[in-house]
Each structure stands twice: as C-alpha cells, then as structure tokens.
Amino acid sequence: MLNSRIRRKDLLNKVVEADKAAELIKPNMVIATSGFTPAGYPKAVPLALAKRVEETGEEMKLTLITGASVGDELDGALSRVGAIAKRYPYQTNKDLRKGINNGSIRYQDMHLSHVPQMLNYGFFGKVDVAIVEAIAITEEGGIVPSTSVGISPQAVKNADMVIVEVNTNQPLALEGVHDIYMTENPPHRDPIPLKHPGDRIGKPYIECDPAKIAAIVHSDISDKVRPLGAIDDNSKKISQHIISFLENEVECGRLPENLLPLQSGVGSVANAVLGGLVDSKFENLTCYTEVIQDSMFDLIDAGKVTVASGTSFTPSEAGLEKLLGNIEHYSKHCVLRPMEISNNPSIARQLGVIAMNTAIEVDIYGHVNSTNVMGSKMMNGLGGSGDFTRNAYISIYTTVSTAKGGLVSSIVPMVSHVDHTEHDVQVVVTEQGIADLRGLNPRERARAIIENCAHPDYKEMLTEYLTRAEAEVGGHQPHIIGEALSWHERFMKTGSMKVAK
C-alpha cells in the first residue's frame with residue numbers, strides 16, 4: 001500500500017521505521033510540523049521520539065512550531081517527557097498547557113497569519129527539520145497533504161531536511177482538495193489572485209526538492225479529533241440573534257441576500273452558531289475560514305453552502321466519520337489552503353468576510369479576552385481570530401453571558417487580558433441578546449452591552465459601576481482603575497463574582 005502512495009520510486013529507499021527517522025532529531029533543534037486543530041499532524045515520529053527521550057533521559061529542549069493545535073501524539077507526548085522548550089503559536093493540549101502556565105515551556109501566542117511569513121523571513125531562526133503528514137508523494141516529489149495544510153508549505157521550504165509521514169489511514173480521495181499557493185517575501189510579493197472563496201490559484205501538492213527528504217515513515221494513526229458539545233439552548237439563542245441581525249442587514253441593504261463569505265472560529269459554540277444557518281432562509285452561502293467543522297458539512301448537505309475554503313478539516317469524531325465516508329461529495333465543495341492564504345488579512349478584507357469568533361469575556365466597552373482565564377492562565381491561544389476580526393466586513397464576538405454555573409459574568413467592567421480592542425469589535429452576542437456597537441462612542445457601547453448582553457444577575461452591578469465611573473472619573477472611557485478588575489479579584493478570593501448581600 002505504501003509503495004502505491006510513493007509515486008516517485010527513487011524515494012522508496014528513504015522509507016524507514018519511525019524510531020529511525022526520530023534519530024534525525026537532535027537536542028535544541030527547531031522543528032516545524034504540519035497540523036491544524038488537530039488534523040493532519042505527524043504522529044508516528046513524535047511518538048517514537050518521546051519514547052526515546054523517556055527511555056534514555058536525553059535532554060531534548062526542542063523549539064516546536066506548528067500551524068495551530070495538534071493531537072496528543074505530538075504536543076502531549078513531547079510535553080510529558082519534557083522535550084519541548086519553546087512552542088508556537090496555538091495549542092489545546094492539557095499537558096502542554098500545564099507546562100506553559102507553570103513556566104517550564106516558553107510559549108508565544110501569535111496571530112496565525114504571522115507564523116508562515118515569520119518562517120519565510122527567518123524570524124524563528126534556522127528550521128532544522130520539517131515533519132509533515134501526507135497521503136501521497138507525487139512523481140515529481142510533491143507532498144500531498146492530508147486533512148490540513150497549515151504551515152506545511154513553509155515548513156518544507158525552509159527546513160534543512162524533511163521527514164514525511166505517509167498516513168494510509170487518511171483516504172487518497174483527499175487528493176485534489178488542496179490548493180497550495182505561496183507568496184514571495186517583500187519587496188517581491190505580488191497581490192494574491194483570489195477573488196472568490198472557491199478560486200483555485202495554486203497546485204494540489206506542496207513542492208519539495210526530493211533531495212531534502214531525509215526519511216519517509218509509514219503511519220496509520222488516525223487524527224485524534226475533539227468532541228463538539230451538543231447544540232444547547234444558549235447556543236441556539238446566540239445563533240438566532242446572529243441570524244436575525246444578518247437578516248436585518250440584508251433588509252437595510254448592507255449585505256446581499258446570500259450574505260458575504262462567512263468565517264467561524266473553533267469549538268462547540270462556533271460550530272453551533274454556524275449550524276443555526278441550516279434552518280435559516282439564507283441560500284447560496286460561501287465560507288472563507290480556517291476550520292471546516294461539522295456544521296459546515298450539514299450546511300453543504302442542506303444545499304446552503306456552495307463552497308467552503310479553509311486550511312483544515314476539524315470535525316468531531318462523528319463528523320470525521322461523515323467526512324471520510326463521503327469525501328468525494330464534500331471535496332467538490334471544499335478547498336484547503338496554506339494558512340498564509342486562509343488567514344490572510346488582505347483576502348479577508350478583499351472578500352468582505354463576516355467574522356464570528358468566541359470570547360472568554362467581554363468588557364463593557366467592547367474589549368475582548370479570548371485567551372487568558374482570569375488574566376493569567378493561558379487557555380488555548382489567539383488562533384486566527386485577530387486575523388479576521390480587524391479585517392472583517394463585520395466582526396462579531398459570541399459568549400454565553402455567565403460561566404461556572406452563574407458564578408462568573410462573561411460581561412465585566414474591564415477584561416483581565418485584551419486580545420481584541422474596542423476598535424475592532426463591532427458586534428457582541430450572548431444568549432441574552434445582541435449589541436451592535438458600530439458608530440457608538442464608549443459610553444454608548446457600555447450601555448448597549450450591559451442592556452443587551454449581560455445576564456440579569458449582573459446588570460445592576462455593571463450599571464452601578466458605569467454610573468459611578470462616569471460621575472467620579474469621567475473622561476472618554478470612564479474607569480475606576482482601582483475597582484476595574486475587582487470582579488476577577490473577588491472570584492479568586494470567594495469563588496464568585498457576585499457581591500454578597
């Protein structure tokens with residue numbers, strides 16, 4: 001089976017066992033891999049490397065760069081044996097997160113669109129090894145990716161040597177879904193010739209000098225996809241608020257009847273919000289996003305979405321089974337691109353993307369925290385939300401109004417960490433309602449968010465804070481600095497943001 005997937009026959013002599021390929025990885029190396037939330041990431045070689053470190057006690061201290069989050073076979077296995085010293089740019093693994101928050105792993109949270117060009121610019125230093133998952137190698141030596149593209153093209157281009165994991169668990173029917181286009185570095189960069197989410201502007205494989213391929217490893221390990229939460233009542237309410245908002249935008253002539261290309265973030269709430277469009281009146285929708293999740297398949301099946309462009313298939317286990325069971329059908333509607341293109345700010349602005357992303361908390365003036373719980377503990381990371389938010393036609397943030405069974409308000413006087421400023425956030429939505437912030441000054445924004453988005457248990461507290469801040473401090477964006485983060489401090493001390501009566 002492996003022979004039929006390696007079509008350049010002089011590369012067959014590069015096929016080795018995973019542990020042999022792992023020997024190419026030495027301490028203090030910079031490693032760039034495939035993989036994006038968590039799909040299409042290398043599995044066999046990282047597992048072999050982790051086993052080696054565990055058995056020998058070798059101090060590895062690698063710098064690991066991926067497209068986004070990857071599975072436990074990479075982030076988890078290497079974190080548990082202490083092999084990762086630095087990590088970029090996004091993650092969701094509990095063992096890696098533990099190392100980040102206790103300081104043993106140095107982590108930089110980054111805009112995803114910055115990562116590919118920083119690889120090309122040499123800002124991460126020399127890349128020693130690229131490890132990429134593929135479904136095949138072409139006659140020319142081109143690498144055909146699997147369920148994601150991410151930074152794979154830049155990893156292959158910039159690495160001194162390349163290790164390819166040919167995964168026979170991934171179907172060959174994925175071939176043809178990829179569109180690999182790469183940009184040149186300034187001052188030689190041309191405009192990206194993409195005018196519609198369905199345009200194909202590149203090649204169906206990653207170009208690679210066969211001489212750079214140091215090892216090829218057979219893998220048959222499936223992507224360890226994450227479960228998606230059920231579409232609950234709060235998610236349905238959030239989705240309906242957004243649909244009503246979009247319907248009004250069409251009625252007012254600010255959007256066409258089939259809207260503009262949709263972008264949706266990662267996770268259960270984002271999946272649920274997008275899923276609500278299945279029962280909407282909207283037709284002939286297009287999507288230009290980074291992840292293609294379960295709801296996208298439902299929208300395609302319902303005839304609602306004509307084309308979905310992303311950099312990764314990121315379904316649940318049930319969604320993955322659905323995708324792989326009917327890949328020929330979905331591949332007619334889906335395109336996977338390098339994240340340099342899927343998350344490109346100029347393309348988001350050019351296409352007029354409607355960006356819908358998820359917040360941990362939002363403050364009364366519209367600043368959004370999407371990464372750090374209570375301002376200190378890294379959850380996952382920024383991801384591509386900032387790429388789309390600042391450059392969207394309309395930027396929307398969603399969150400359920402409370403957390404921890406109502407003990408935490410997601411609407412607060414001041415966010416404990418700022419990822420997206422008031423200048424970029426145009427619409428805030430919770431299950432309570434929607435606040436359209438376009439054209440409002442800070443005090444107007446505060447009242448719109450409190451009135452429409454805050455949970456009833458916290459409205460009076462928020463209104464009282466705002467009223468006192470206006471009276472006691474004044475200014476353009478009134479804050480009582482000594483009290484602005486008191487809600488977070490109260491939770492840390494008592495386990496609740498509510499004031500005891």
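**Close-up views of a predicted model**

**View 1. An antiparallel strand pair.** Strand β17 (residues 361-363) runs antiparallel to β18, and two bridges join the pair. Within this pairing, V362 sits opposite V368 in β18. Please keep in mind, here and in the views below, that the model is predicted.

**View 2. The three-stranded sheet around β17.** Stepping back from the pair, we find an open sheet of three strands, ordered β18-β17-β24, with mixed pairing. The edges are taken by β18 (368-369) and β24 (411-412); each has a single partner strand, so one side of each has no neighbour in the sheet. As a reminder for reading this view, strands of a sheet pair through backbone hydrogen bonds, in either a parallel or an antiparallel way.

**View 3. Helices α3 and α4, side by side.** Two packed helices are described by the angle between their axes and the distance between the axes. For helix α3 (residues 44-56) and helix α4 (residues 72-80), the axes come within 8 Å and cross at roughly 10 degrees. Angles under 35 degrees count as roughly parallel, so α3 is roughly parallel to α4. The crossing of the two helices is left-handed. On the α3 side, P46, L47, L49 and A50 take part, and they meet E73, L74, A77 and L78 in α4. Sorted by class, the residues of this contact are seven nonpolar, no polar and one charged.

**View 4. Helices α10 and α11, at an angle.** Here the pair is helix α10 (residues 294-301) and helix α11 (residues 317-325), whose axes come within 9 Å and cross at roughly 45 degrees. That angle makes α10 oblique to α11. As for handedness, the crossing of α10 and α11 is left-handed. From α10, the contact draws on D294, F297, D298 and D301, while α11 supplies G319, K322 and L323. By class, the contact between α10 and α11 holds two nonpolar, one polar and four charged residues.

View 5. An unreviewed UniProt entry carries the annotation "domain: Acetyl-CoA hydrolase/transferase N-terminal" for residues 7-217.

Notes. Residues numbered from 1 in each chain as written. Predicted model: local features only at pLDDT ≥ 70, side-chain atom pairs only at ≥ 80, totals over all residues. Heavy atoms only, no water. UniProt positions renumbered as here; feature names shortened; annotations may be inferred. Axes fitted to C-alpha atoms, helices over the stretch in contact; angles between N-to-C directions. Helix = DSSP H or I, 4+ residues; strand = E, 2+ residues; numbered from the N terminus. Parallel < 35°, antiparallel > 145°, perpendicular 65-115°, else oblique. Left-handed = near helix turned anticlockwise from the far one by under 90°. Contact = heavy atoms within 4.5 Å. Nonpolar A, V, L, I, M, F, W, Y, C, P; charged D, E, K, R; others polar. Pairing = 2+ DSSP bridges.
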